[in-house]
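Thank you all for coming; I would like to take a few minutes to walk through one chain with you. Please have a look at the sequence and the model first, and then I will go through them by topic.

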Amino acid sequence: MRLDPEILDGPPETGARILALARLADAEEALGRTADPKDRGAPRALADATERLAAALSALAPALAGAVPAALRTELDQGARDAAPAREPEILAAWLAAARGELPGTYRGALDWLADRVERRARRAREEVAADAAPRLRRLLPRLAAALTARRAAIPRAGAPATFAALHAGALRVQTHALREALAAVAGQGDGLGLEAARSEARRLGDLLAPLRAAGFGAAEAAGALEALRAPLEARQEALAAALAVEGALLEARAEEVRRGEALAGLRPGLLALLNIAGQRGAAAERDLALHLRTKATPVTDAAYAVVAALEPSGEEEDEDAGAAAPAAQERRFLVTVIPPEGQGGDVEALEQGWLPGDSRESVGVTRSALGEQWFRARAAARGHPGRVETISRADFDAFWPLTEGRRIAKRRHLVAAAPGWHFDEYVDRPLVLAVAEEGNAEAPPPWLEPVLVREVLAERGYLDEALARRPARRSA
């Protein structure tokens, strides 16, 4: 899973829907596996995927509140609880399999006895998932997909993040704080509930960092540090769970002896040997965990907070004014009647540009000059994030261009040799000429522009290329 800059720089609701749909697809894939009775890992995969989906919807709630009804989230939480019992016996079975090599042969009969009971628990859990969780999720997931893909008008909220990156940063900050609190509770205690809470918080933080690993922001380093911390957390929790299971098995064994009226040969010693292994492993994990909590827990949270800082907008990008004003450093535009002689004779570049459907403000285009053709994809600047232009291939352009039908412009750009930083845009699909002071150019219009100057149209959004493209073109006579 990977979040690219286009999603991170985009609207919070759009990014939240995309990430939620990606988690939903994971859950649907895991749900499909449950149809194969031979797939022993399917129920646990479903439990993990459903938990991740529920956690994602919770973390992204500020942007999805109007898209995903509370009733659907409640149903999903119930589905996650229904699937969760499948996880524990699978983890315990794996622990027992790993412990077999440490157990002397005379005690392995006890391991087989316990493994048989664990397998029966796992089988019952798989049956319960097939009977309860899977049908519930089979009905629910399509409804969630419909809610996440339904179009609705965005509802502006005071103080809402301007981009999905800012929203994701907020979720990361909250989750990093939750992990820090959970680790503080675990330090020096090692109780089962505290360990499980810390594991859960670490898993949720890892899920938030994972889509950012390829995008930079220090996420790969933070995720690597987190994985190093999660290893002893999980080892300690699994050893504790195994010890509890063996203690329970000792009670079951004693009850079986009472029921039969005779001792079960070798069972109790073998179970005690397993309990000893669980204690040794737990102690080793406890020492490793204590070392991590003393020396590495803070670097983990520091690295996660660094990702938060890298994702959040700088103070210069934040503005208490909730209006839709354009960025201050944009180009200035002037309506003129014709290109004056001083603006002619320089290099000319032809440009065709079309805007894609929807409200993402994305466009694709092609420029043609003496240097040849270049195809590009662009996203307009907006509050909270800069604009972006990237080069694409001819094949990508050809794939997107038909989708821009009815939302296109075509113009010739005349560079002004006599006034660097100025150019003229002559629209060939409508009778319009604009003089443009390029971004960052604060110079007043040159005197020779006065005879053809009508007015500055910087504040008139109808003269922006995107707005022009959405009007019917009228070619000059």
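Let me begin with a term: when I say contact, I mean heavy atoms within 4.5 Å. With that in hand, residues 24 or more positions apart account for 69% of the contacts in the chain that have a separation of 6 or more.

Before going further, please keep in mind that this is a predicted model, in which local features need pLDDT of at least 70 and side-chain atom pairs count only at pLDDT 80 or more, while totals for chains, interfaces and linings use all residues. Residues are numbered from 1 along each chain as its sequence is written, and side-chain values use heavy atoms, with hydrogens and water left out.

As for the overall content, the chain holds 14 helices and nine strands, where helices (H or I, at least four residues) and strands (E, at least two) are DSSP runs numbered from the N terminus. I call a residue buried when its relative accessible area is under 20%, exposed when it is over 50%, and partly exposed in between, using a 1.4 Å probe and protein chains only. By that criterion, 42% of the 477 residues of the chain count as buried.

Now to the interior. In soluble globular proteins, nonpolar side chains tend to be buried together. A nonpolar core here is a set of buried Ala, Val, Leu, Ile, Met, Phe, Trp, Tyr and Cys residues joined through side-chain atoms within 4.5 Å. Which members of the largest such core touch the most other members? They are Leu 64, Leu 144, Phe 164, Leu 172 and Leu 209, out of 68 residues in that core. Helix α7, residues 108-149, supplies the largest share of this core, with 11 residues. Apart from this core lies another, of 23 residues, and among them are Leu 96, Leu 267, Leu 271 and Leu 274.

To look at Leu 64 in more detail, and leaving aside residues up to four places away in sequence, Leu 64 touches Ala 16, Arg 17, Ala 20, Leu 57 and Leu 148. Helix α2, residues 12-33, has 22 residues and reaches 32 Å from its first C-alpha to its last, close to the 32 Å expected at 1.5 Å a residue, the expected span being 1.5 Å times one less than the number of residues in the helix.

Helix α5, residues 70-83, has 14 residues and spans 20 Å from first C-alpha to last, again close to its expected 20 Å. Within α5, the residues Leu 72, Leu 76, Gly 79, Ala 80 and Ala 83 are buried. Seen down the axis of α5, these buried residues fall within an arc of 100 degrees, so they line one face of the helix; the arc is that of the directions from the helix axis to the C-beta atoms. On the other side of α5, Ala 70 and Thr 74 are exposed. What do the buried residues of α5 pack against? Their partners are α3 (42-59), α6 (87-99) and α7.

Helix α7 also meets helix α10, residues 219-260, and the two axes come within 11 Å and cross at roughly 100 degrees. Axes here are lines fitted to C-alpha atoms, for helices over the stretch in contact, and angles run from 0 to 180 degrees between N-to-C directions. Angles under 35 degrees count as roughly parallel, over 145 as roughly antiparallel, 65 to 115 as roughly perpendicular and the rest as oblique, and α7 and α10 are therefore roughly perpendicular to each other. Trp 113, Leu 114 and Arg 117 in α7 meet Val 246, Ala 249, Glu 252 and Ala 253 in α10.

I will finish with some individual residues. His 177 sits in helix α8, residues 164-186, and counts as partly exposed at 37% relative accessibility. His 177 and Ala 304 are 127 residues apart in sequence, yet 9.7 Å apart in space, C-alpha to C-alpha.

Leu 464 belongs to the loop between β9 (453-456) and α14 (465-469), and Leu 464 is partly exposed, with a relative accessible area of 27%. From Leu 464 to Arg 333 there are 131 residues in sequence and 8.9 Å in space, C-alpha to C-alpha.

Lastly, Ser 369 lies in strand β3, residues 362-369, and is partly exposed at a relative accessible area of 31%. Not counting residues up to four places away in sequence, Ser 369 touches Val 348 and Glu 349.
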